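I opened the model to look up its aromatic rings and then its sheet.

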Amino acid sequence: MNRRVARLLFLIGLSAAFVAGRVVTPAAAEPPVSGPVADTVLAQRYRVPMADTAMEWAHGAWVWVEELYLPDRGLVANVRWDYAWKADPTDPAKGEFTTIPRMTAFASPKPRNQYRDFVDAKIGRESPIEEIRIPKALADEITSLADMARRVDDAKSRLGARASDGTWIRRFNHDGAGIPADPSAVPPPLPAMK
């Protein structure tokens, strides 16, 4: 095979790999890590589709989000960019919308790079995983965030169950009828609707 054909086949293969997301572009290359390798932690980076609600998901209003999986800690972290109004300190009526990166971190037994295809609904689509190293200090902060998020979620569940026993917080269905915390209990009367 001559060199021109070999080079053309190489470029076609490289293009196909780039389109499939298996080649790291210079812009997406691993950021430099200062210090020796001992000050870093292994992480796996991949992309997943994500939506805030089931309604958004069903209507295709999902976005691609990069996640980090820390295998030695069993944690996943991702960043979403939220829109927020940034008011002018001198005139609150003036301002602009800006994007704020917000991280979420939580426990996971494995990377979450498998997803359902949106067009043909086939399960088993998989984003490629690249192994990178992140600073240990960042990994420690992600671990702390995941622990705080778990404690907040536990407190929400515990306090929700405690307050919603029918004495302080009552539960209602879509037409406003009360749902008893204890099915054998009779719900309190509802106030008149205005």
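I looked up Trp-85 and got a relative accessibility of 44%, so I put it down as partly exposed; the class lies between buried, under 20% relative accessible area, and exposed, over 50% (1.4 Å probe, protein chains only). The model is predicted: local features need pLDDT of at least 70, side-chain atom pairs count only at pLDDT 80 or more, and totals for chains, interfaces and linings use all residues. Residues are numbered from 1 along each chain as its sequence is written, and side-chain values use heavy atoms, with hydrogens and water left out.

Aromatic pairs. I found 3 aromatic pairs in the structure. For a pair, ring centres of Phe, Tyr or Trp (its six-membered ring) lie within 6.5 Å; planes under 30 degrees apart are stacked, over 60 edge-to-face, and the rest tilted. Trp-62 and Trp-64 make an edge-to-face pair, 5.8 Å centre to centre with 85° between the planes. I read 24% relative accessible area for Trp-62, hence partly exposed, and 37% for Trp-64, also partly exposed.

Trp-85 pairs edge-to-face with Phe-97, at 5.1 Å centre to centre and 75° between the planes. This pair links distant parts of the chain, 12 residues apart: Trp-85 sits in strand S3 (residues 75–87) and Phe-97 in strand S4 (residues 95–107). Phe-97 has a relative accessible area of 60%, so I noted it as exposed.

Cluster and charge. I noted one aromatic cluster formed by Trp-62, Trp-64 and Tyr-115. Arg-47 lies over the face of Trp-64, 5.4 Å from the ring centre; the test asks for NZ of Lys or CZ of Arg within 6 Å of the ring centre and within 35 degrees of the ring normal.

Sheet. I traced an open sheet of 5 strands in the order S4-S3-S2-S1-S7, with antiparallel pairing. Strands are DSSP runs (E, at least two residues) numbered from the N terminus, and two of them pair if DSSP finds at least two bridges between them. S4 and strand S7 (130–135) are the edges, each pairing on one side only.

Bridges. S1 (residues 40–50) and S7 pair over 6 bridges, and I found Thr-40 bridged to Pro-135 in S7. S1 is joined to S2 (residues 63–70) by 7 bridges, with Arg-45 opposite Leu-68 in S2. Between S2 and S3 I recorded 4 bridges; Glu-67 has Asn-78 in S3 as its bridge partner.

Hairpin. S2 and S3 have 4 residues between them, and Gly-74 in this hairpin takes a positive phi near 65°.
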